[in-house]
Amino acid sequence: MRAAAIEAVVIGASAGAVQALLHILPGLPATLSVPILIVVHVPSDRSNALVTLYQDRSRMRVKEAEDKETVTDGTVYFAPSDYHLLVEAERSLALSSDEAVHHSRPAIDVLFETAADAYGPALAAIILTGANQDGADGLRAVAAAGGVAIVQDPATAQVPAMPAAALAACPTAHVMSIDDILSYLVGLAAR
C-alpha cells in the first residue's frame, strides 16, 4: 500500500471511537507532517471534549477545526460538535450546519467526499468502529478519486457495523487491525 504520495489523512468513527483513537493518536510521532482530519459522532447537545482528551496525550498538535482555516501539516483537526467539516478546493476548512447525513452532524461522508475532491489520490481515508453506515459512501469516493481506503477489521472493532458497511460499499479497501492502522500512519512520517 502506497504511502509516499499521501498529503492528508481523514478518519471517521462513532461508537467506540474514544478507545480506538486513544490507541492511535498517542502513538503518532511529532514528525508526522500530514494533517489528520477527524469526524467523531458527538451528540449536538454536548460540547466536544475530544480535543481536551487527546491534546495532552499526543505529540502532534490537536485542535478543533475552525471555519476558513488553512489546513496545516502536522496537526490533528476534530470536527466541532453539530457542524459538518468540509475541505475546500484550496485545502482550507469549512464548517456547515446543513442537514444531518445518516442522522449525524458532523458526518463522515461529508468530510471524506470533500477531502477526496480536494486531495484526490494524495488522500488516505480510515473508517474505524461505529454503529451506522456513515462513511461508507465517503470511503468509496476516496477510492474512486485514487486515494487509499482503509477499514478497521470489523472483527476487531468495538462496534463493527460502520466498518462492515464501509467494506460493503468499498470492497477494495484495505482491512487492518488498529495496530496495523497505527503502523501505516507512523510510516507516513518515515517517507
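This talk covers helix packing, salt bridges and some backbone details in one predicted model.

Ground rules first. Because the model is predicted, local features need pLDDT of at least 70 and side-chain atom pairs count only at pLDDT 80 or more, while totals for chains, interfaces and linings use all residues. Residues are numbered from 1 along each chain as its sequence is written, and side-chain values use heavy atoms, with hydrogens and water left out.

Now the helices. Two packed helices are described by the angle between their axes and the distance between the axes. An axis here is a line fitted to C-alpha atoms, for helices over the stretch in contact, and the angle runs from 0 to 180 degrees between N-to-C directions. Helices (H or I, at least four residues) and strands (E, at least two) are DSSP runs, numbered from the N terminus.

Start with α1, residues 17-24, and α6, residues 178-189. Their axes are 9 Å apart, and the packing angle is about 45 degrees. That makes α1 oblique to α6. The crossing of α1 past α6 is right-handed.

Which residues of α1 and α6 make the contact? From α1 come Ala 20, His 23 and Ile 24. From α6 come Ile 178, Asp 179, Ile 181, Leu 182 and Leu 185. Contact means heavy atoms within 4.5 Å. By class, the α1 and α6 contact has six nonpolar residues, one polar and one charged. For the classes, Ala, Val, Leu, Ile, Met, Phe, Trp, Tyr, Cys and Pro count as nonpolar, Asp, Glu, Lys and Arg as charged, and the others, Gly among them, as polar.

Next pair: α4, residues 136-144, and α5, residues 161-169. These axes come within 8 Å and cross at roughly 40 degrees. So α4 and α5 are oblique to each other. α4 also passes α5 in a right-handed crossing. On the α4 side, the contact is made by Ala 136, Leu 139 and Arg 140. On the α5 side, Ala 165, Ala 166 and Ala 169 take part. That gives five nonpolar residues, no polar ones and one charged.

Stay on α4 for a moment. Arg 140 also pairs with Asp 137 in a salt bridge, 2.6 Å from N to O. A salt bridge is a side-chain nitrogen of Lys or Arg within 4 Å of a carboxyl oxygen of Asp or Glu. Asp 137 and Arg 140 are three residues apart in α4, so about one helical turn separates them. Asp 137 is partly exposed at 32% relative accessible area, and Arg 140 is partly exposed at 39%. The cut-offs are under 20% relative accessible area for buried, over 50% for exposed, and partly exposed in between, with a 1.4 Å probe and protein chains only.

How many salt bridges does the structure hold? Six. Glu 69 and Lys 63 form one of them, at 2.8 Å from N to O. Both of these residues are buried. Lys 63, Glu 66 and Glu 69 are linked in a network of salt bridges.

Then there is Lys 68 with Glu 88, whose closest N and O atoms are 3.3 Å apart. This pair links distant parts of the chain, 20 residues apart. Lys 68 sits in the loop between β3 (61-64) and β4 (75-78). Glu 88 sits in the loop between β5 (84-87) and β6 (93-96). Lys 68 is exposed at 53%, while Glu 88 is partly exposed at 23%.

Last, the backbone. Where is the cis peptide bond? From Arg 105 to Pro 106, with omega near 15 degrees. Pro 106 lies in the loop between β6 and α3.

His 102 is also placed in the loop between β6 and α3. This residue is not a glycine, yet has a positive phi of about 55 degrees. His 102 is partly exposed, at 25% relative accessible area.

Asp 82 has a positive phi too, about 70 degrees, and is not a glycine either. Look for Asp 82 in the loop between β4 and β5. Asp 82 counts as partly exposed, at 25% relative accessibility.

One more position: Asp 117, in helix α3, residues 108-119. Asp 117 is exposed, at 70%. From Asp 117 to Arg 91 is 26 residues in sequence and 9.9 Å in space, C-alpha to C-alpha.

Note on methods: Angles under 35 degrees count as roughly parallel, over 145 as roughly antiparallel, 65 to 115 as roughly perpendicular and the rest as oblique. A crossing is left-handed if the near helix is turned anticlockwise from the far one by less than a right angle, and right-handed if clockwise.
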